[in-house]
Amino acid sequence: MEIGVRTAPEKPVDTAPRKLPALLGFGKYFADKMFRMRWTEELGWHEAEIVPYGPLQLDPAAKVLHYGQEIFEGHKAYRWADGRIALFRPDQNAVRLNRSATRMCMPEIPSDVQLDAVLALVRQCADWVPEDPSTLYIRPTLIGIEPTLGVRAANEYLYYVILSPVGPYFPNGFSPIRVWVEGKYVRAADGGTGAAKTGGNYAGSLFAQSIAKEKGYEQVLWLDAHEHRYVEEIGAMNIAFVIEGKIVTSPLLGSILPGITRDAVLTLARERGDGGLEQRLAIDELIDGIRTGRVTEAFGIGTAAVITPVGALHWEGAEYSIQGGQVGPVAKEYYKTLTDIQFGRQVDRWGWMRHI
Ligand SMILES: Cc1ncc(COP(=O)(O)O)c(C=O)c1O
């Protein structure tokens, strides 16, 4: 598909980074251009263009504002030491967006069109890709914009992509987080939308997250909706444990987001003989394993931080320390391998990196 460009003339690829604020944080600053494209029943996807970043004009009756017909993606571009810029597995984000689209009754966007859009935009905004260890976060979004109030799928959609230079998740060094295991509220149930990356899943998680914060914990670990027993995922990350030396994570049974970083960790773990097992993990058994030393590490897995070590779990009134609250060797090793691949410090044997 032809992508129109309604901004300044195209700059050379891999421009040197522009001066950005020292403390970027997450999602606070945005590149000055965005991609957008519309869909109607009559024309399908059309009007693909790169335009200056700015507010959207939405009718107040737009379906997304009432019934939450919204999905999104999140991935990153990395500036390598040699000045080249590469994205981590962007093809997988395109595939996942389409799976979310199907679940939310929205039109799919051919994966190659999504990839062309993202790559063209990052190319145009190459100077917004900060230097290692900061990254450029990419946020593709799809919303139903038909301005009518009937509860049904929209017949008009807007897809757009915005870019945000973000700082390292651990500005003060790789350090473990404390996690609140949520026994009452749930994130997603079987048959629900947990496996889709849709805004409502996140809105519904904010209440438990605020309780956890109040109690002094940084993230919520969600349990299954039926028995409130099996571990699902943490906040915006999948979770893995090291059990008797093997990496084990929850299986994808429909209520968990199929993380792309999770998939990379499983691939590496299977190659290295470190397990990479997908098994239902009961919280009581995990707590017992932490007590007896069978469970030696826990870590979150996701785009934002890659690997986030968990130093303590709170469950039923007691706190359980993992690895004495320190970063474990497996978390350290996988964090290093993945970030080395992402920043081009290690050969990418898996074809995960895509240059702009
Ligand atoms: C709910 C949830 N689970 C898991 C993940 C991790 O997925 P990924 O590795 O693709 O970033 C994310 C982040 O996108 C998420 O929002």
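This text walks through a predicted model, from its nonpolar core to one proline and then to the ligand shell.

Start with the core. The largest nonpolar core holds 94 residues. Leu121, Val122, Val179 and Leu221 touch the most other members.

Now turn to proline 90. This residue sits in helix 2, which spans residues 90–103. Why does proline 90 count as buried? The cut-off is 20 or more other C-beta atoms within 10 Å. Proline 90 has 26 within that distance, so it is buried. Beyond four places in sequence, its contacts are His75, Leu115, Val118 and Arg354. Look at leucine 115 in particular. Proline 90 and leucine 115 are 25 residues apart in sequence, yet their C-alpha atoms are 6.9 Å apart in space.

Which residues are around the ligand? They are Gly74, Glu233, Ala236, Met237, Asn238, Leu257, Gly259, Ile260, Thr261, Arg262, Gly302 and Thr303. Strand 12 (237–243) and helix 6 (260–272) are the elements that give two or more residues to this shell. Helix 6 provides the largest share, three residues. By class, the shell has six polar, four nonpolar and two charged residues.

Conventions: Residues numbered from 1 in each chain as written. Predicted model: local features only at pLDDT ≥ 70, side-chain atom pairs only at ≥ 80, totals over all residues. Helix = DSSP H or I, 4+ residues; strand = E, 2+ residues; numbered from the N terminus. Buried ≥ 20, exposed ≤ 12 C-beta atoms within 10 Å, placed from the backbone. Contact = placed C-beta atoms within 7 Å. Near = placed C-beta within 6 Å. Nonpolar A, V, L, I, M, F, W, Y, C, P; charged D, E, K, R; others polar. Core = buried A, V, L, I, M, F, W, Y, C linked by C-beta atoms within 7 Å.
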